[in-house]
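Hi there,

Here is the structure I promised to pass on. Have a look at it first, and then read my notes below.

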Amino acid sequence: MLHRPLIDAERWNAHADADPSGSPPRVRSIAEELDRKSLGRGHIVGQSAAWREVLASATQVAATQATVLLQGDSGTGKEVVARFIHRSSPRKDGPFVAINCAALPETLLESELFGYERGAFTGATQTKPGQIEQAAGGVLFLDEVGEMSPSAQAKLLRVLQEREFQRLGATRTIRANVRIVAATNRDLRKAVEAGTFREDLYYRLHVFEIRIPPLRDRKDDLPLFTDSFLKDIGRSLVSAPAGLTDEARAALLAHDWPGNVRELRNVLERAAILCEGGLITTEHLSLYSRRAATPSSTTDLGTLERQMIEQVLGETHWNKVMAAKRLGLTRTQLYGRLRKYDLDRPTAR
């Protein structure tokens, strides 16, 4: 059965301008406040039920000192949620320090995280405080925490258990006045079972879990994201895009967004450059489906063509204008193929 987009293209503008009164008042007021202030890497955007649930959970835990674990695919906005928690918490006047655990090799990650004393290793010509010290009184955001080495995991466990740590090469301990918000796109429970992640650390991080939904599960927020991104992108371009055609809006809604919000931003930025201040059309959008073409055992060209047309029509939710452009056909040619292969849109059940 083929599923229609959650929002029809013709309802896009009405949805984008709708009054967000369906949001819980407390969550909405925080979101509006944060939207007026820089969040460094994005703003709180979204009014879908799935996103309101995330914000409600984040608001609940923000008022506490509990450790938070954010689970979600890459590009879903885990750091935006972490910043939301920080700005909504009693530690909001303290620093927000972020470190990507997957971006640094083991030895460098530990020195960045815990700091080091002069002479701790070759090249350590002076003492350097680590990120934990720099985040004192605030929040330390550990992105991709599942990529930590066993050694770093053991040291982080001590921070969470004892609230203390040592710089590399030091003998004295330092109190850790920091709140940990961790994030991962991995299933840490499976990593524990595989022996690549410490079970005791997992339970220390898993005090309060928030799952960030992928963009394909919050299509209601696509108009808001698109408007926000285009407005932001337009500030950096000489000729800002005038908007999107109905076909382009339908294409955005039909796409499954394997790269999530990050992919949407990149697609729109490229399209905004290509359209040179005009309307963004489907020709300006670079959209690739996560679903690979299904291998076929036949070599009959007619059968292969029929299968390709069926696949593209399914991916575009039977938007014939969009399907024709993806197939490199005119609309007349596509209608001719539909008659030739006796293809009709499946009836929804």
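Predicted model: local features only at pLDDT ≥ 70, side-chain atom pairs only at ≥ 80, totals over all residues.

Let me start with the packing. The largest nonpolar core holds 31 residues, and those with the most contacts inside it are Ile 132, Leu 140, Leu 142, Val 145 and Met 148. Two or more residues each come from strand S2 (96–100), helix H5, strand S5 (139–143), helix H7 (150–162), strand S8 (179–184), helix H8 (188–194) and helix H9 (199–205). Of these, H7 gives the largest share, with five residues.

Leaving out residues up to four places away in sequence, Ile 132 touches Leu 113, Phe 114, Leu 140, Val 159, Phe 165, Ala 176 and Val 178. A further core lies apart from the largest one; this other core has 26 residues, including Phe 229, Leu 252, Leu 253 and Val 261.

Now for the rings. How many aromatic pairs are there? The count comes to five. In one of them, the ring centres of Phe 114 and Phe 165 are 6.4 Å apart with the planes at 45°, so this pair is tilted. Phe 114 belongs to helix H5 (residues 106–114) and Phe 165 to strand S6 (residues 164–165), so the pair ties together parts that are 51 residues apart in sequence. Both partners are hidden from the surface: Phe 114 is buried at 1% relative accessibility, and Phe 165 is buried with a relative accessible area of 2%.

Tyr 202 and Tyr 203 make an edge-to-face pair, with 5.2 Å from centre to centre and 65° between the planes. Here the two partners fall into separate classes, since the cut-off for buried is under 20%. Tyr 202 has a relative accessible area of 8% and is buried, whereas Tyr 203, with 47%, is partly exposed.

There is also a charge placed over a ring: the charged end of Arg 218 sits over Trp 51, 3.9 Å from the centre of its ring.

Finally, is helix H11 largely enclosed or largely open? Seven of the nine residues in H11 (residues 246–254) are buried, so the helix is largely enclosed by the rest of the structure. The buried ones are Ala 248, Arg 249, Ala 250, Ala 251, Leu 252, Leu 253 and Ala 254.

Key
Residues numbered from 1 in each chain as written. Heavy atoms only, no water. Buried < 20%, exposed > 50% of the residue type's maximum accessible area, 1.4 Å probe, protein only. Helix = DSSP H or I, 4+ residues; strand = E, 2+ residues; numbered from the N terminus. Phe/Tyr/Trp six-rings, centres within 6.5 Å; stacked < 30°, edge-to-face > 60°. Lys NZ or Arg CZ within 6 Å of the ring centre and 35° of its normal. Core = buried A, V, L, I, M, F, W, Y, C linked by side-chain atoms within 4.5 Å. Contact = heavy atoms within 4.5 Å.
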